[in-house]
Amino acid sequence: MRITEILVNHLKEPLGFDLSYLRIEFKIDATSYENVEKKLIITSHHKTVYETDFQPYNNNFFNVDTKLTPRTRYDVEVQVRSNNKIISSTTFFETGKMNEPFKAEWIAHPNKDLQNTVFKKDIDLKGEVVKARLYMTGLGVYETYLDGEKIGDEFLAPGCTDYTKWIQVQTYDVTKALQEKKTNWTVSTADGWYKGEVGFDGKDQHYGDHHRIIGEMHITYADGTKDCIVTDNSWQATSGQITKSSIYYGEDWDANIQLENWTDVVVLNEAKDLLHDRMSTPLRINERLDVKEVITTPAGETVLDFGQNHAGLFEFYNREPKGTVITLEAGECLLEGNFYRDNLRDARAAFQYTSDGKEGWVRPHFTYFGYRYVRVTGNTLPINPDDFKAAVVFSEMSFTGEIETENTKVNRLFQNVQWGQRSNFFDVPTDCPQRNERLGWTGDANVFSNTAALNANVYQFFRKFMKDIEVEQDAFGGMTPMYVPSFGNKDGGAAVWGDATTIIPWNMYEIYGDDAILKQHYPAMKLWVDWITKQTETPNLWTGGFQFGDWLALDGENPALPVGKTDEDFIASVYYYYSSTVVSKTAKLLGNEEDAKKYADLAQAIKKAISAEYITANGRLSIDSQTAYALALYFELVQENQLQRVTNDLVTRLGKDNDHLKTGFVGTPLICQVLSKYGQHNLAMKIFMHEDYPSWLYAVNKGATTVWERWNSIQEDGSMHPDSMNSLNHYSIGAIMEWGYKYLLGINEHTPGYQHVTLRPNFDYRLKHVKGHFTSAYGPLEIAYQVETDDQHTIKLQVNVPFGQTVHLDLPRSENVMITVNNQTLPSDQIDLTCGHYDISYIPTFDYIERYNALTPAKEIMADSELVAKIDEVSDVLNFFKADPNAVNGGLGSMSLPKLNTILPFINIEPDVLEKINHILETTPIMSERQS
């Protein structure tokens, strides 16, 4: 037994973070479970500041209630005792400035119009440095250097916030950098989100018009003396080598510009009370991609293919002579073999570098790109692919989940989902990383939040985003804008998008088991529901005002409108109900019984009103759309005895739609989940495995390496969808991966934090081999299973359960069946797994081979030559389709043979012959099953 990891507020060794609601959690690695006790000791300056007694291990965390002081390191020790043997592990965390006032001043160059401001100060050190910390921030974005070496490895600090409401302060350990007697401290700034163009209006300066910095360097010398060097009027500043830079534009850098004309800085009378210890996890280069191919396009251009769409920076090794201007432009795809970037709209998305003739690696500093392909122009030397790298940048998050099958296309889809998350978790959860948008759309984040948290540790990422939402709500009277930060855009208040305010914190609590995000955001959650109540035009229903509807659905009566067929007021009212429910549950969890009752009563009143307006007494919905049925089932809007009726109606609706999705942002994440939950996993699998438009695998077949904004962003003929809203790197419909974790892998119901989990995989002939894992706070729950093709069609599973977690096994088709677990035979309904490895097998009550049936359409029969031959032996009924191939693809081809027998008198299948045909159908495995 050993302690493998200790996290502080879900972070590893956090330095300078906002550490409110302090929580220490730890993982234990062991081969089997045993009773243990846990203990926590926190020390600072060799003194114990917090200590628990040994206590029963009923969870793996400590909620710490102790007063922290600014700029202080705390050492953490977790002990675990078993049979009088103690094992332990240590980590640390360090506070930032907290509420300590800044001695430093905001400083700036006198000229507001500089594109790149460089600040400098010479430091005279007074002795050997044993500890040094830098607490600083800058606006728009900044990088800081000591003796020309960049401090830290993050980019675009201080991140994206409403800088008029709060500004994040970064903490750097600069001890090693301060080893010379004299040191030059410089800071370089550019516009970023603060001053540069962001949003749809083409405007800049949303938050300010003047680059500025503030910083304190606290130094401790070997002799015990201390010093504090601050930004003040002793600094100088000048214009830097970057001649233009912004998020959408990219960057122009002339390395020949000499830094001269230094001038004294001006001290600004700007607010310091907006300064806040960081919440953002840092934007870092997490991977570097090599050039996969150097392409000469039909147009004669040189294009580098990095093989993967992503967000990040270009890096290249400069060998060009002095004065050469080399330009790198970002693009997501090739069309007819040529470089294409029209879907970037007005984003220039390029890096222009003027060489100073010195060899070395070059990259932009204050922008980023979304791309797979790079067009290179201006080079005078042949392209060497080893001289170019794609630096993949995203907010730090450790990936915690994975799903793999024997189907390479499905695997690619799940990889695409995770790459979309990497690309768009860029300090805020953006919608796309490439075009002139890249905004923190709340609706996208909402529908994807569960998938995101299963894929990666995003608790801190979303805590920061909830802070962003909270400050916007304060400005808008409780209303949540459609994207956050809003950059002054006052539009918002739409269902699903605004409901990110309540749903994301609740989802994070459910997955991580930490209520800190609820404590932080609870007032804002209430404000949101109260705002809806004030705005609605109908009591207990959300009507009136702008709504997105089922955004980008395919079932709208007007194809030019992206809102879909599902009534917007119905969608809004459903989310009004759910948000009220979440606020009630949160209030109860936090001990506020009065609020819990208030919002529970409101939720019930809304549910009753929805039922009266949209649902008959027999459970029939007035809206015949896939999304409406999915919402009714997912949020349990109908009585328990009506669930089957609504499920059947959804199946019927899908049948009318040729079992293909017509859902948008609202319905798509839910449709397969409700089908699998309510006994229609076979149909969910059919929809999931489609490869034609619209389907998830359609994009994979078109070469997608990320998830697209539209089902057909690239059309069947290879052309781009003509709509200008066409990103090849979105993540919304990638929310299908949540279904993958829950219903393919089987990690289903759970207590908050996954201490107790129900494992309920749904087996299917189309994916016989599935494996994957989800690493919760307790460690990785690993699952692999095979649907065997032996005579008994045995199911075999391998499960690894982490220490502290209990897994209840609920296997399908196992009623009254004995299950073999590590060579021990057990009743199927009495299996709970604790820490360890398990080999499990059983013979299901009926197998997972899929066969044809009497309702199989004639089109599917005609596609299977083996089945056609069997039917030909007993009847010539198929001669009609052989003689007229067009009939197969028409309406008749969608009908079953019994149906055709009733409407086409010339077919005239005798009852005994029809019985033989049905027997053939019911005993013949479908073609894809035989092939697999």
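**Close-up 1. I295 stands opposite V303 in strand β26.** Strands β25 (residues 293-296) and β26 (residues 302-318) pair in the antiparallel sense over four bridges; strands pair here if DSSP finds at least two bridges between them. Strands are DSSP runs of E with at least two residues, and helices are runs of H or I with at least four, numbered from the N terminus. Five residues lie between β25 and β26 in this hairpin, and G300 in the turn has a positive phi of about 85°.

A word on conventions: residues are numbered from 1 along each chain as its sequence is written, and side-chain values use heavy atoms, with hydrogens and water left out. As this is a predicted model, local features need pLDDT of at least 70 and side-chain atom pairs count only at pLDDT 80 or more, while totals for chains, interfaces and linings use all residues.

**Close-up 2. Helices α6 (residues 516-535) and α7 (residues 568-589) cross at roughly 145°, their axes coming within 10 Å.** Axes are lines fitted to C-alpha atoms over the stretch in contact, and angles run from 0 to 180 degrees between N-to-C directions. The crossing of α6 and α7 is left-handed, that is, the near helix is turned anticlockwise from the far one by less than a right angle. Sorted by class, the contact has 11 nonpolar, four polar and one charged residues. Ala, Val, Leu, Ile, Met, Phe, Trp, Tyr, Cys and Pro count as nonpolar, Asp, Glu, Lys and Arg as charged, and the others, Gly among them, as polar.

**Close-up 3. The largest cavity holds about 80 Å³ of space.** A cavity is a set of points on a 1 Å grid over the protein atoms alone where a 1.4 Å probe fits but cannot get out, and lining residues have an atom within 4 Å of a point. The lining of the largest cavity includes L413, N416, W696, W708 and R710. Helix α13 gives the most to this lining, with three residues. By class, the lining has eight nonpolar, three polar and one charged residues.

**Close-up 4. The second largest cavity has a volume of about 70 Å³.** Of its 14 lining residues, E154, P158, G159, R278 and S280 are the closest to the centre. This lining divides into six nonpolar, five polar and three charged residues.

Technical notes. 1 Å grid on protein atoms, 1.4 Å probe; cavity = no way out; pocket = protein on both sides within 12 Å on 5 of 7 lines; lining within 4 Å. Points joined across faces, edges and corners; volume = space filled by probe spheres on them.
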